[in-house]
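These are my notebook entries on a chain that I had not looked at before.

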Amino acid sequence: MKRLLLTGMLLLLGAAPASFAQGAKDVVINELLVKNRNNYQDAYGHRVSWIELCNSGYSKVNLSSCYLVLETGGKSYSYRIPKGDARTWLDPGSYTVFFCEGSETKGTFHTNFTLTGETADPATLPGYVPDSVDRPLPDQLVTLSFLDANGRDTIDKVTYNLADQQADISIGRIPADDDPGQILFTKLTSTTPFATNITNPPMPKHEKMRLADPHGISMTVTAVAVVFSALILLYLAFWALGKLMIHIAKRNKQKASGTATVAPPVKIKNEGAIVGAEIAAIGMALKMYQDEMHDIESHVLTINRVAKAYSPWSSKIYGLSQPLRK
């Protein structure tokens, strides 16, 4: 029994990473900011680069034991999200932010790498003063990946160029303008930590109509045309229905009075057609044939009374009720 319990516990522990992976499959890298000069700051008052993750699924997800991996310049940096922190649970549609300053001692949401691949973010160094002129970054590709608990399966991945990054301008997921079903990872008009990246929702149709027709002239003309068209169609429909009902009433009245006009017989002009005498002969022949096939019945019922013959065996005069003679 002890062996069975031990085996079951080992199986559960072995299946735990798989359950984490299955739960975290809906997590995506929603937004990241490489150059943070005057933007969102962490609990220590530092403005450093950060990553935003989003739970795009419909169930609660635990990020613990999953990995954030950064690859650039032939180097790879990996950060395993620790267990035991209740803040690693993400509700459906919620967000969380990881600060990337290259420190391993500041808590769960501070990674051991920076988004530029440097050992530490300059904003965390002693005596740091923001540059009056933004320092350009090298022309170098960086790949940021979010891995499940086994450290092998990639759930989401984005690639960006350091040279394209600007101060306080983040990059993130937004739907394409021409195809809302296509998702782009590009520059955003404003940073939105812990919120959706869609800062300009689609314009409603009534607002588009208001901009296209500010005085409402086309709307008025369209509405009047629709109303009058509907009235004309209704008038024609009721006019046709009235004519039809009058015709039906006249025909029924003629049938009731017996003055209904009988259509004249159709004259057959085709040569070789059957004439009236031949039609009469054919009709008489059919009538005689039907009479021979069926018996002629008078439909008269005849009932005759049947008299029963007299029998002395049933006569009462021979019964024992007669008095005896001496």
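Which strand gives the most to the lining of the second largest pocket? I found that β7 does, with four residues; strands here are DSSP runs of E with at least two residues, helices are runs of H or I with at least four, and both are numbered from the N terminus.

Before going on, I note that this is a predicted model, in which local features need pLDDT of at least 70 and side-chain atom pairs count only at pLDDT 80 or more, while totals for chains, interfaces and linings use all residues. Residues are numbered from 1 along each chain as its sequence is written, and side-chain values use heavy atoms, with hydrogens and water left out.

**Entry: the chain as a whole.** I looked up the elements and found four helices and 12 strands. Of the 326 residues, 25% count as buried (under 20% relative accessible area, with exposed over 50% and partly exposed in between, for a 1.4 Å probe and protein chains only). Among contacts between residues at least 6 apart in sequence, 58% join residues at least 24 apart, a contact being heavy atoms within 4.5 Å. The accessible surface comes to about 24200 Å², and carbon and sulfur atoms hold 61% of it; these areas come from the Shrake-Rupley method with a 1.4 Å probe, and for residues only the protein chains shown count as cover.

Entry: Of its 17 lining residues, Arg 87, Val 97, Phe 99, Phe 109 and Phe 194 are the closest to its centre. A pocket is an open set of points on a 1 Å grid over the protein atoms alone, where a 1.4 Å probe fits, with protein on both sides within 12 Å along at least five of seven lines, and lining residues have an atom within 4 Å of a point.

**Entry: Thr 96 and Phe 194.** Thr 96 lies in strand β7 and is buried, at 5% relative accessibility. Beyond its neighbours within four places in sequence, Thr 96 is in contact with residues including Leu 90, Phe 109 and Phe 194. I then followed Phe 194 to the loop between β12 (183–187) and α2 (205–212). Phe 194 is not a glycine, yet its phi is positive, near 60°. Is Phe 194 buried or partly exposed? Phe 194 is partly exposed, with a relative accessible area of 42%.

**Entry: Ser 65.** Here too I noted a positive phi, of about 80°, in a residue that is not a glycine. Ser 65 sits in the loop between β3 (61–62) and β4 (67–72), and it is buried, with a relative accessible area of 2%.

**Entry: Asn 36.** Asn 36 lies in the loop between β1 (27–33) and β2 (49–55) and counts as buried at 2% relative accessibility. Its C-alpha atom is separated by 5.5 Å from that of Ser 49, 13 residues apart along the chain. Not counting residues up to four places away in sequence, Asn 36 touches Arg 47, Val 48, Ser 49, Trp 50 and Asp 168.
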